[in-house]
Amino acid sequence: MSKRFITPRLLVSASEIFQTCPSTKEERLNLLKSIPKSEIIYALSSFNMRMLRANSTYNNYFSKAAQMREICHFCSYDNEFCQNVFNQTSIVDSTNDNFPIFFCRLSTLLAIREVLEEIDNEDENHNFKFTSDDWLQIFLYLLSMNDRVKEYTNQNINLESSKRYSFFEKIATCNQLINELNMRTHPIAPMSRLVNYVNYLNKIDKYQKFIDGRFTPFGFNAGYFLKQIINLHRKKDSGNGYSCIIDVKETIDKKLVQILDLLSDTSFLSDKIHFFDFKKLTFAPLCKIGKEFYFVMDRDLLIDKVYDHFINDFYTIYLEDNDYIEDGENKEFKIKKYRTDLGLYFEEYISELFYDLAIDDSVLLTLDEMKIPLGSSGEVEVTDIYYRSGNKILTGEVKAKGIGVEQRDGSTFNFLYNPRHDLSKPKDDNYYRFLYKKFGLDQIVKSMDYLKNHNELFDGGIQEFIDKEICIDIYPTIIVNEKFFNTPFMNKIFKDEFDKRLKRSDYPEFNIHQLSILYVEDIEIISSNVVYGKDVHVFNLLRYYTNKSQANSFRTFLDYQGIDFPIEYYNQKFNFIDEIELDD
């Protein structure tokens, strides 16, 4: 399995293969004019499903063998044409590590979205059959979308604002969409996490009222909804891996059809914010064709959608629904309250995972346990997670926040900016470097002072090591609920910013290691391995990881170490899923 990440220079342009190439949207769509819309969607969805192989952290878009197989498929196995394609890009003897990228997941999703939006619906043509020319046109169409992706990756480098940012901040920005889409969504972990979240919401009366109101009209509950989505994800075609087709012409399960309709509905969405905004697919990863068929356009987006449905969709729809504004509330109050409740849930969830991974004779303090009285400053929170084993300390900030679609266009440095900046005020570093503040960097730096000057208020055991002049290893971490941080260079830019703000010489008692960004799934993996008796220790992993360059994510590091969810985890979770209660 290839471990590298796609980079812009690897993408193959249409002009490298074909003499005549489309340069506008109209010319691109003209390539497909002889093919019914449903057949185009089916062809692109099937292709995407093949490339999103199961049981892999990465997708098949990295694989030389898979790319060559798909090239042959689009070229109708014309050996002479295929050989010409390979010769033109000088890849006959290339290895996986330097094999150019013909197919990019971002290009595929943009192609699907463009077809959905720009090609009119037509009557079903049951007699249509693809010709070799049709497949070549789709091949050219996909490659022409690569050209748009390459434009996008380069367009922000020369912006005036780019002078404010380092080389790695620029790279993290211009590759953000490509890199994020190259990270797979785990098929089980988000569902398990989501069940916990729904149970949490159901304990709060006004949220329970909303959830009941959201599902009751359909005649099923949230548990039924979750189970059906998981079953869709597990559905396989006979002999050909995962199928993108859901055939309901013989089904008697009307609830299932309602769920499929719900996952195909884009009627409430606003227009796209920018060309690389494909929220139409993230909100509706299914496409309904006629009355009997649905296409799963992207299996990973289906799982993302379900997790998203109870966090971001819930957030959007709940806040827009005036029926759920209580006396004395307004929309701004609801936004703040919901974010607070989501943050509390996530902090509690991460705390529970740490209780699972903590070893005997260690010290683990979380959340309110880490609040200390500090003179005129009143009560302050040292950190969200404090975990000590001997002279090794993990101090962690937990952040449930996300990055909005308007900040993910990659054409500017939007994801680093403060989206709520008062335009009447000058733009200072608080504006241009807001991402670091939003995700807890200021807090993690400040926590070093608390550890040095006030450790006796929460852990008397530290002083023993200081008195014996035993150096204390500190591993600062930020734990996030945003998959975007799994992409290359995000950990690197946070580490560099941490190093700028922290003066290590002020802490002679401590050996402060490099900052680590951990995604929630990383903690779930470590915790599940400890629970099932595997030889996995968080401090050993952090020590090895912080000694590396850290250009890649912690999740990538775990892959290199061969550490994933243990088989016992899957067995337990599948049993748990099968036991989800359904409506009568």
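User: How do the side chains of D499 and R504 meet?

Analyst: In general, side chains of opposite charge can pair when their charged atoms come close. Here D499 and R504 form a salt bridge with an N to O distance of 3.0 Å; the term asks for a side-chain nitrogen of Lys or Arg within 4 Å of a carboxyl oxygen of Asp or Glu. Please keep in mind that this is a predicted model, where local features need pLDDT of at least 70 and side-chain atom pairs count only at pLDDT 80 or more, while totals for chains, interfaces and linings use all residues. Residues are numbered from 1 along each chain as its sequence is written, and side-chain values use heavy atoms, leaving out hydrogens and water.

User: Are D499 and R504 buried, partly exposed or exposed?

Analyst: Relative accessible area sorts them: under 20% is buried, over 50% is exposed, and in between is partly exposed (1.4 Å probe, protein chains only). D499, at 24%, is partly exposed, and R504 is partly exposed too, at 30%.

User: Which residues are linked with D499 and R504 in a network of salt bridges?

Analyst: The network joins K492, K495 and D496 to D499 and R504. In the structure there are 23 salt bridges.

User: With which residues does R555 form salt bridges?

Analyst: One partner is D559, whose closest N and O atoms with R555 are 2.8 Å apart. R555 and D559 share helix 23 (residues 554-560) and are four residues apart, about one turn of the helix. Helices here are DSSP runs of H or I with at least four residues, and strands are runs of E with at least two, numbered from the N terminus. The other partner is D564, at 3.5 Å from N to O. R555 counts as buried at 3% relative accessibility, as does D559 at 12%, whereas D564 is partly exposed at 30%.

User: How many aromatic pairs does the structure have?

Analyst: A search of the whole structure finds 28. Rings of Phe, Tyr and Trp (its six-membered ring) pair if their centres lie within 6.5 Å; planes under 30 degrees apart are stacked, over 60 edge-to-face, and the rest tilted. F102 and F103 have ring centres 6.4 Å apart and planes at 45°, so this pair is tilted. F102 is buried at 0% relative accessible area, and F103 is buried at 1%. For F565 and Y569, the centres are 4.2 Å apart and the planes are at 20°, so the pair is stacked. Both F565 and Y569 are buried.

User: Which residues form one aromatic cluster with F102 and F103?

Analyst: The cluster also takes in F18, F47, F74, F128, F130, W135 and F139.

User: What sits over the ring of Y507?

Analyst: The rule is that NZ of Lys or CZ of Arg must be within 6 Å of the ring centre and within 35 degrees of the ring normal. In this case the charged end of K452 sits over Y507, 5.6 Å from the ring centre.

User: How many helices and strands does the protein have, and what percentage of its residues count as buried?

Analyst: There are 24 helices and 11 strands, and 56% of the 584 residues count as buried.
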